[in-house]
Amino acid sequence: MLKGKTALVTGSTSGIGLGIAQALAAQGANVIANGFGDADGAKAEIARAGSGIQVGYHGADMSKATEIEDMMRYAEKDFGGVDILVNNAGIQFVAPIDEFPADRWDAIIAINLTSAFHTTRLALPSMKAKNWGRIINVASTHGLVASANKSAYVAAKHGIVGFTKVTALETAQTGVTANAICPGWVLTPLVQKQVEARAQQQGIPVEQAKRDLVLEKQPSGQFVTPEELGALAVFLSSEAARQVRGAIWNMDGGWVAQ
Ligand code: NAD
């Protein structure tokens, strides 16, 4: 379905980004991966998910505009531009506001929010020229509701929800769409850290901390998976979704229905 398209998925060496990159690859899209850690391993996993596709990688630090610009030039030069842009890279830090380190605030806003402005502004000219594009922002249930001790994350995710709507309006009369996905809990390294902190603080086994963490927010009592989020990204990339514009789509086991 996506043969001939190129998807750039930021933060795709792990977790949700890797799941979305694999799902798009399975539909025939070429993929440009990004993120820290095991780049070769991620590239190999994405390549295995597709057949006859090209898989590239750029290690831009998404907190740095100049590195993002370099990544977008690489996409233009080696892949003829980005057709499907998935803004997924993200980090978390948990502390009350009056103890929140200012440098963590800046990093979360830069990586979880400002990076999407840079990739979007740089991807749009070629998407508009082709009159086809898909921008998928990985927000969070924390783009819709708040939790204590996550001030920077909640601010960034509410911000990206607003940015998604503006992008959708500015592209409304083109073949470019912009939407956000709002996952609930997904058991990735980002959440594993929070599970372990909870187990330690409460002196309970990790398995119990995992169950408690999910049930506190998600009526389903089950984690969302990167594969399920990948399937949603594939739908949003499809022709059937061409009039899905500015949707803020939660996949969260019922979290925000309460
Ligand atoms: P993860 O830690 O497994 O993956 C994060 C990815 O971002 C990694 O590839 C990492 O290398 C990359 N990354 C981090 N900082 C970067 C930087 N400065 N430059 C480039 N890449 C960077 O986390 P995840 O849970 O898969 O999170 C992915 C996205 O999903 C994030 O935006 C997160 O906020 C969002 N999200 C996660 C959950 C969840 O429960 N896990 C829920 C809702 C939303």
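Colleague: What makes Trp 185 count as buried or exposed?

Modeller: Trp 185 has a relative accessible area of 6%. Buried means under 20%, exposed over 50% and partly exposed in between, with a 1.4 Å probe and protein chains only, so Trp 185 is buried. This is a predicted model, in which local features need pLDDT of at least 70, side-chain atom pairs count only at pLDDT 80 or more, and totals for chains, interfaces and linings use all residues. Residues are numbered from 1 along each chain as its sequence is written, and side-chain values use heavy atoms, without hydrogens and water.

Colleague: What about Trp 255 and Phe 117, buried or partly exposed?

Modeller: Trp 255, at 7%, is buried; Phe 117, at 39%, is partly exposed.

Colleague: Why is the pair of Phe 117 and Phe 163 called edge-to-face?

Modeller: Rings of Phe, Tyr and Trp (its six-membered ring) pair if their centres lie within 6.5 Å; planes under 30 degrees apart are stacked, over 60 edge-to-face and the rest tilted. Phe 117 and Phe 163 are 6.5 Å apart centre to centre, with 75° between the planes, hence the name edge-to-face.

Colleague: Why is the pair of Trp 185 and Trp 255 called tilted?

Modeller: Their planes are 40° apart and their centres 5.7 Å apart, which makes the pair tilted.
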